[in-house]
Amino acid sequence: MSLDGVVRFLNTFHRGCLCRYLAPLLALITLGGSLVKASQPLAESYFSNRRNVLNVYFVKFSWGWTVGLLLPFIFTSNYFLQRDVLFAVRRVTSCVVGTGIWFLSTRTFHIIENFTGECYESQNMTVLHQFDNLYTCKKNGHLWLGFDISGHSFLLSYCVLIMTEEIAVMNELQKVEQKPGKSIATIIKSLFIALNALLFLWIWMFFCTALYFHDMPHKIIGTAFGISAWYGTYRFWYKKPFSPGLPPEIGNKKE
């Protein structure tokens, strides 16, 4: 299949089902995977090992991978549609907002885990009162048990939702009469395909998190944070004038 054929297929898939049902699907995956994990012991697999390659080299750096592909895609695609550098720069600031949300949310999760936990000796699970915070406990090789909101459930759901919002602009690019030059078109299409590959990887690893890791409340709250962060920005704030704005649509030029 040619590059254009892959782009058309992915574009049709997004328009047909992914954009419309993604948030409920993520909630369903979290709930269903958590119920399966709680109801019966699961056989070990490659993906139940925290040291699997996808977890170590991709999920652990999921925000970096996501922003690294989104930044050039947002700038080039939005600039081509609007022919306005300032508009494209404004749209790129959505990644800055996302970085702030990622940092504040994960920091909040760490504070909650620290505030609600205790330090245990990892062999016999004796409480070690001399270590009164998560950092000194783990630094000394012990186990800290607190309310550990799933950072993976939060970040993967958030990444998947904002990526879906941003790559939807490809549908608008296919409508324009004046197509980009061959080199620019190849860059945009290649980034679009790479973002889709990353998107499906994040969905798969989100499913693995739901099935193998954390307790149900930790995953539900983490996913709720991710969906709420997406909804509060793309469905509410980004519709306001003083914001990074939404991806452009044909016939809806610079606001």
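Visitor: Are tryptophan 63 and tyrosine 158 buried or exposed?

Guide: Both tryptophan 63 and tyrosine 158 are buried. Buried means under 20% relative accessible area, exposed over 50%, and partly exposed in between, using a 1.4 Å probe and protein chains only. Please keep in mind that this is a predicted model: local features need pLDDT of at least 70, side-chain atom pairs count only at pLDDT 80 or more, and totals for chains, interfaces and linings use all residues. Residues are numbered from 1 along each chain as its sequence is written, and side-chain values use heavy atoms, with hydrogens and water left out.

Visitor: How many aromatic pairs are there in the whole structure?

Guide: A pair of aromatic rings is described by the distance of the centres and the angle of the planes. Rings of Phe, Tyr and Trp (its six-membered ring) pair if their centres lie within 6.5 Å; planes under 30 degrees apart count as stacked, over 60 as edge-to-face and the rest as tilted. Searching the whole structure gives 14 aromatic pairs. Tryptophan 63 and tyrosine 158 make a stacked one, with 5.9 Å from centre to centre and 15 degrees between the planes. Tryptophan 63 sits in helix H3 (residues 62–82) and tyrosine 158 in helix H6 (residues 151–167), so this pair ties together parts that are 95 residues apart in sequence.

Visitor: Why is the pair of tryptophan 230 and tyrosine 231 edge-to-face?

Guide: The planes of tryptophan 230 and tyrosine 231 stand at 75 degrees, with ring centres 6.0 Å apart, so the pair is edge-to-face. Tryptophan 230 is buried, at a relative accessible area of 9%. Ring pairs also link Trp63, Phe109, Phe154, Tyr158 and Phe225 into a cluster.

Visitor: Which residues touch the most other members of the largest nonpolar core?

Guide: In soluble globular proteins, nonpolar side chains tend to be buried together. A nonpolar core is a set of buried Ala, Val, Leu, Ile, Met, Phe, Trp, Tyr and Cys residues joined through side-chain atoms within 4.5 Å. Here the largest core has 51 residues, and Phe73, Tyr158, Met163 and Trp202 touch the most other members. The elements giving two or more residues to this core include H3, H4, H6 and helix H8 (182–212). H8 supplies the largest share of this core, twelve residues.

Visitor: What is methionine 163 in contact with?

Guide: Contact means heavy atoms within 4.5 Å. Setting aside neighbours within four places in sequence, methionine 163 is in contact with Thr66, Leu70, Leu195, Leu198, Leu199 and Trp202. Serine 62, which lies in helix H3, touches Leu155, Leu156, Cys159 and Trp202, not counting residues up to four places away in sequence. Serine 62 is buried, with a relative accessible area of 2%.

Visitor: How many disulfides does a search of the whole structure find?

Guide: A disulfide is a pair of cysteine sulfur atoms within 2.5 Å. The search finds one: cysteine 119 and cysteine 137, with their sulfur atoms 2.1 Å apart. The torsion about their S-S bond is about 80 degrees, so the disulfide is right-handed. Cysteine 119 belongs to strand E1 (residues 118–120) and cysteine 137 to helix H5 (residues 134–139), so the pair ties together parts that are 18 residues apart in sequence. Cysteine 119 is buried at a relative accessible area of 1%, and cysteine 137 is buried at 0%. Cysteine 95 is in no disulfide; the nearest cysteine sulfur, that of cysteine 159, is 10 Å away.

Visitor: How many helices and strands are in the protein chain?

Guide: The protein chain has nine helices and two strands, following the pattern α-α-α-α-β-α-β-α-α-α-α along the sequence. Its C-alpha atoms fill a box of roughly 70 × 40 × 30 Å, taken along the principal axes. Buried residues make up 44% of the 255 residues in the protein chain.

Definitions and conventions:
Helix = DSSP H or I, 4+ residues; strand = E, 2+ residues; numbered from the N terminus.
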